[in-house]
Amino acid sequence: MQSGFDRRRINGPEESFPPIFHDSDSEDNAPPPKKLPRKGRSPKDIRPIFLQPGLINQSNGSAYIETEKTKIACAVYGPRQSKNTAYSEHGRLNVEVKFAPFSCHRRKQPLRDAEDRSVAVAIHQALVSSVRLELFPKSTIDVFINIIEADGLEGCIASASVATSAALADAGIDLFGLVVSCSAAVVGDEIWLDPTEEEVQSSNGTMVLSTLPALNTMTSIWQNGRLSPSQVLEGIGICDEKCKDIHSIVAQAVRDHAVQQI
Amino acid sequence: MAEDSFHLPGQPVILPKGPVPQLGDGVYQREGTIRASLVGIPRHEASTLTISRLRPHPPAPNSIVLGSVTRLSPLQALVSISVVDGVPLPPGEEFIGVIRTQDVRATEKDRVKISDCFRGGDVVKGLVISLGDARSYYITTARNDLGVTFATSEAGATMEPVSWQEMRCPKTGRIEKRKCAKPEGL
């Protein structure tokens, strides 16, 4: 019983019950019947993006991103000297992801678990080839991502990659280009962009595509579930198109912030 | 401020007609196109094209660094680097540098005693000579303008340099040994 007890934290009561709401929200929680168009948007629509670089003062660079119910803060520290590692010609990019305890429907333990790591690896993959690590010998760039609210893991990875790339640019770290990511889910025969948690649950499979639109290259594809090759190729094409739209939003946000600072 | 001249990472830099400039910081070449890798305005300095960075960056060979002496041993002095090329590093993100006996001064290298050149807490100006090993950067003070720039005496007063290897305490008048940097503007 006491195994989960942590003296250093404020521990909640031993027993707890979810609140019961008597409003229209509870009807929304029922999974949407399949073959129905998505709630309030067309398959190729993404949720509106709000991106603000430079919110965390202490850090070298930072960014906050919000897409409806996904809220992520990201901070970049460094380049700082690598400790406890062998000599390396290239710098290292260290990505850590934390979910806030209240970020998901079920309360999360404030400990790092396998899910945090897999999200961190996906984001690292998306970003590592965009950073000019050869310019930072013996150094480490630390990225800390705090997921304040999550609505769909795929959307989280995509948004966090975008925010981190903006934060790296804000931190004055040499990049080949800004990384832009887009997620998609295959529901029935359709491909839905930027799926929510509910939509992911009713889908056959999901994918996250990360690109460098400035160089017209991809940095990573992360695929989950059952997808046919033709669906994957179609998904890549649609995501790539959308990434170009998102890139203009990100570029505008980064540029505005840089102009403001001068 | 001309907003159009602001470049973002990956954005091609359009060059005026003429000879292709050398690439400095903040720009790179890929498939024949010169692109920015930092947020900023590209500038031509002589024949190099650079985007200057205002943020702190790690030491590189030929960087001038400022740091305080943290540990002494008969063979080397450890320095905690806090300023690189005039840009202060954020607190807690110092780099560790090493001044070996052979790098303290240019002459009589074999007769250098580290304890006669540095003391703990001294602020030292040095030049990074190499990336060193996994733990530290190698720093040299073998130049007139390099060495101890600020030191406190045993009595606790800020000392003033009297020669390139001595400093005097204004309180007690005692002379202590240091490898002094030549004060600027002398």
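Hi everyone, let me start with a definition: a residue is buried if 20 or more other C-beta atoms lie within 10 Å of its own, exposed if 12 or fewer, and partly exposed in between, with C-beta atoms placed from the backbone. What we have here is a predicted model, where local features need pLDDT of at least 70 and side-chain atom pairs count only at pLDDT 80 or more, while totals for chains, interfaces and linings use all residues. Residues are numbered from 1 along each chain as its sequence is written, and chains are lettered from A and ligands numbered from 1 in the order in which they are written.

The contact between the chains takes 30 residues from chain A and 25 from chain B. On the chain A side, α5(A) gives the most, with 5 residues.

Now the sheets. One is open, with 4 strands in the order β7-β6-β8-β9 of chain A and antiparallel pairing; strands pair if DSSP finds at least two bridges between them. β7 and β9 of chain A are the edge strands, each pairing on one side only. Within this sheet, 7 bridges join β6(A) to β8(A), and A184(A) stands opposite M207(A) in β8(A). α5(A) packs on this sheet, at about 140 degrees to β6(A), whereas α3(A) lies across β6, β8 and β9 of chain A, at about 165 degrees to β6(A). For these angles, axes are lines fitted to C-alpha atoms, for helices over the stretch in contact, and values run from 0 to 180 degrees between N-to-C directions.

The other open sheet has 5 strands in the order β1-β2-β3-β5-β4 of chain A, with mixed pairing. β1 (50-53) and β4 of chain A stand at its edges with a single partner strand each, so one side of each has no neighbour in the sheet. β2(A) and β3(A) pair in the antiparallel sense over 7 bridges, with A63(A) opposite C74(A) in β3(A). And here is α3(A) again, lying across β1, β2, β3 and β5 of chain A.

So what sits in the core? A nonpolar core is a set of buried Ala, Val, Leu, Ile, Met, Phe, Trp, Tyr and Cys residues joined through C-beta atoms within 7 Å. The largest has 78 residues, and I123(A) and A163(A) have the most contacts inside it. Its largest share, 11 residues, comes from α3 (residues 153-170) of chain A. Leaving aside neighbours within four places in sequence, the contacts of A163(A) include L51(A), A63(A) and C74(A).

Last stop: helix α2 (residues 114-128) of chain A. I123(A) is one of its buried residues, along with V119(A) and L127(A), among others.

Key
Helix = DSSP H or I, 4+ residues; strand = E, 2+ residues; numbered from the N terminus. Contact = placed C-beta atoms within 7 Å. Expected span 1.5 Å × (residues − 1).
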